[in-house]
Amino acid sequence: MILSVQNVSKSFDGKEILNHASFHIEDHEKIALVGQNGSGKTTLLNMITGKFAPDDGVISIQKGATIGYLNQHPVMDSDCTIYEELLDVFAPLMELENQIREAEVQMKHLQDAELSAHMERYSAMTASFEAQNGYAYKSELNGVLKGLGFLEEEYDKKVNTLSGGQKTRVALGKILLKKPDLILLDEPTNHLDMKATTWLETYLLNYSGAVCLVSHDRYFLNRIVSKVVEVERTEVSSYDGNYEDFAKKKEAKRAAQIHAYLNQQQEIKHQQEVITKLKQFNREKSIKRAESREKLLAKVEVLDKPAGDLAKMNLELTPAIESGKDVLAIEHLAKQFDEEPLFTDLNFEIKRGEKVAIIGDNGTGKTTILKILNGIVTPDAGQFKLGSNVEIGYYDQEHHVLDPDKTIYDEIADTYPGMTITKIRNVLAAFLFTGDDVFKLIRDCSGGERGRISLAKLMLSNANFLILDEPTNHLDIDSKEILENALNNYTGTLLYVSHDRYFINQTASRILELENQTLTEYLGNYDYYQEKKAERFGVKEFTSTLAGRAEQLQSAPKVESEAKLDWAESKKEQARIRKLENDLAKTESAIETLETKISDLETEMASPEVCTNVGRLNELSKECESVKEELTKLYDTWEEISSQLG
């Protein structure tokens with residue numbers, strides 16, 4: 001075990017972030033650390049690296065183990081070039097190389113015993129050099145730089161002149177080349193394109209050390225990790241398997257929690273009703289039973305309401321009108337900037353109901369295509385044509401459609417005046433705006449927050465052709481899933497640019513790859529694209545889906561059989577409850593009848609004519625006692641049936 005986190009708690013300014021959190025990482029294990037924004041993931045990483053100390057609990061790291069940590073905003077102000085910055089990792093190895101070269105020169109001047117001793121030292125140095133991959137470290141350095149998306153002409157750029165994203169890639173490259181025993185990566189794919197992300201996946205899969213990832217890239221996590229550690233409501237839970245395994249287990253766990261919570265709430269309500277009824281009977285025995293139930297109820301450990309809404313929120317996207325069958329036709333489209341062509345002679349069509357993703361490396365012109373379709377950029381050649389009744393809804397990353405002087409709430413309410421307060425708050429909550437956050441001025445919002453507001457507005461529009469540029473940027477996993485469900489149920493047409501492979505896999509029916517200034521079409525989702533791409537280049541690493549389909553076919557009869565059994569059991573339970581409810585109603589009616597009869601008898605016994613008639617008084621008294629005994633039995637019956645219903 002390389003890392004152990006035991007019962008760790010942490011608070012900031014009186015707010016509890018983590019409460020007795022525990023998990024561990026084995027040698028060579030790859031894990032994901034997941035949770036909503038602000039749940040405490042980065043805090044955990046900072047405690048592991050020693051930046052923060054836990055308020056309680058113990059964090060143990062294997063003796064002698066080295067750790068490499070990439071945070072989201074690494075500080076890099078070096079005056080070195082990119083190449084020199086990464087080469088510095090090999091400074092001890094280069095020093096050893098210099099010593100070997102010096103030893104080779106000295107050999108020429110030594111003889112006999114001196115030469116023999118010198119040769120032994122030389123052999124030890126060369127063996128150490130070879131063991132540290134000394135003969136290939138420059139190739140390794142070049143491989144990492146190219147893998148992370150740096151071009152050779154960029155190697156001489158000064159680190160202190162780079163953008164934040166470029167600096168993050170340099171910092172990541174240094175960590176990978178240092179090969180620590182445990183790598184901690186906080187959102188490592190934020191500044192990587194698809195090729196670089198795929199390269200990093202392969203690198204980490206084959207990495208001999210342990211890896212802990214914080215990432216919203218579900219496809220990335222799915223490929224790499226074998227365990228998911230979730231931080232939720234200050235608590236930590238571990239799930240074996242990749243991200244999809246975690247999602248299924250989490251959903252099952254959540255369903256069980258909701259079921260237990262609702263059942264307990266129903267039982268508490270039922271017990272409160274029974275207690276009230278028993279007190280209404282106003283009998284000494286009934287009152288004692290009510291008090292006994294109250295004591296038991298007070299001892300019940302009430303379950304917390306599960307995180308999030310009990311019913312999963314759904315966003316509905318409904319076009320106001322249906323477009324014609326032909327939505328978009330692009331012919332011979334071309335564009336260049338500063339005499340550098342982005343793309344030439346692009347031709348494609350989109351039909352009603354299609355969901356099309358455009359993918360490709362950064363700088364190939366994907367966003368430019370979307371801007372041309374929205375009249376923001378003029379093409380150098382070619383044209384496009386929209387079909388009949390096509391209404392575009394456009395999401396761009398500049399967010400020009402927002403009024404900086406409005407609050408987030410007013411931005412939505414003014415655009416959609418017919419919406420209720422509850423609906424507006426629900427939509428904003430889906431995009432991470434809750435409580436007083438909705439009254440924040442848009443001018444005070446970050447770029448990511450503005451992106452989420454623009455996306456929320458677009459989701460509420462009645463457009464029948466949505467054009468989206470990187471719609472999942474700045475969304476957490478829950479919000480991505482809400483968006484995916486909305487788009488999958490959308491009856492209009494969708495064209496978008498995205499680097500989010502999991503999102504593409506869930507929503508795209510066709511992929512257009514922009515590469516070498518032209519488009520290549522793939523009729524399927526991202527998995528299909530990868531498979532076909534691999535076939536084109538002769539790669540045989542992809543597993544056939546036939547085995548999975550056969551397994552599904554084999555399991556189908558069992559699922560159907562189990563469903564039938566569940567249905568039969570459900571019908572049987574429903575019949576039992578109906579009978580109990582009917583019996584309870586009959587019992588309550590009988591109780592009411594007997595209580596009325598007792599009241600009538602007691603009234604008659606108190607009348608002047610009966611009070612003086614001893615024989616009649618005894619007769620009525622005996623009848624009253626008999627009815628009370630019968631009523632007592634009915635009280636017991638009512639309580640028994642109520643317990644069974646509970």
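Q: In this predicted model, which side chain does Glu 104 join through a polar contact of 2.9 Å?
A: Let's start in helix H3, where Glu 104 is found. Glu 104 counts as partly exposed because its relative accessibility is 28%. Its polar contact of 2.9 Å is made with the side chain of Arg 101.

Q: How far apart in space are Glu 104 and Met 119, C-alpha to C-alpha?
A: Staying with Glu 104 of helix H3, we can look along the chain to Met 119, which is 15 residues away in sequence. In space, C-alpha to C-alpha, the two are separated by 9.3 Å.

Q: What is the N to O distance in the salt bridge between Glu 201 and Arg 223?
A: Glu 201 counts as buried because its relative accessibility is 0%, whereas Arg 223, at 35%, counts as partly exposed. The pair links distant parts of the chain, with Glu 201 in helix H7 (residues 194-205) and Arg 223 in helix H8 (residues 218-224), 22 residues apart. Their side chains meet with an N to O distance of 2.6 Å.

Q: How many residues apart in sequence are the parts tied together by Arg 501 and Glu 201?
A: Arg 501 forms a salt bridge with Glu 201, with the closest N and O atoms 2.4 Å apart. Both Arg 501 and Glu 201 are buried. Since Arg 501 lies in helix H16 and Glu 201 in helix H7, the pair ties together parts whose separation in sequence is 300 residues.

Q: Which backbone nitrogen does the side chain of Asp 500 reach?
A: Asp 500 sits in the loop between strand S16 (493-497) and helix H16 (501-507). Asp 500 counts as buried because its relative accessibility is 7%. At 3.2 Å, its side chain reaches the backbone nitrogen of Tyr 502.

Q: Where does Arg 233, with its positive phi, lie?
A: Arg 233 is not a glycine, yet it has a positive phi of about 50°. Its relative accessibility is 51%, so Arg 233 counts as exposed. Its place is the loop between strand S8 (227-232) and S9.

Q: What is the relative accessible area of Asp 338?
A: Asp 338 is another residue with a positive phi of about 50° although it is not a glycine. Asp 338 lies in the loop between strand S10 (326-337) and strand S11 (340-351). The residue is exposed, because its relative accessible area is 76%.

Note on methods: Residues numbered from 1 in each chain as written. Predicted model: local features only at pLDDT ≥ 70, side-chain atom pairs only at ≥ 80, totals over all residues. Heavy atoms only, no water. Helix = DSSP H or I, 4+ residues; strand = E, 2+ residues; numbered from the N terminus. Buried < 20%, exposed > 50% of the residue type's maximum accessible area, 1.4 Å probe, protein only. Polar contact = N/O pair within 3.5 Å; in protein donor to acceptor, adjacent residues only side chain to side chain. Salt bridge = Lys/Arg side-chain N within 4 Å of Asp/Glu carboxyl O.
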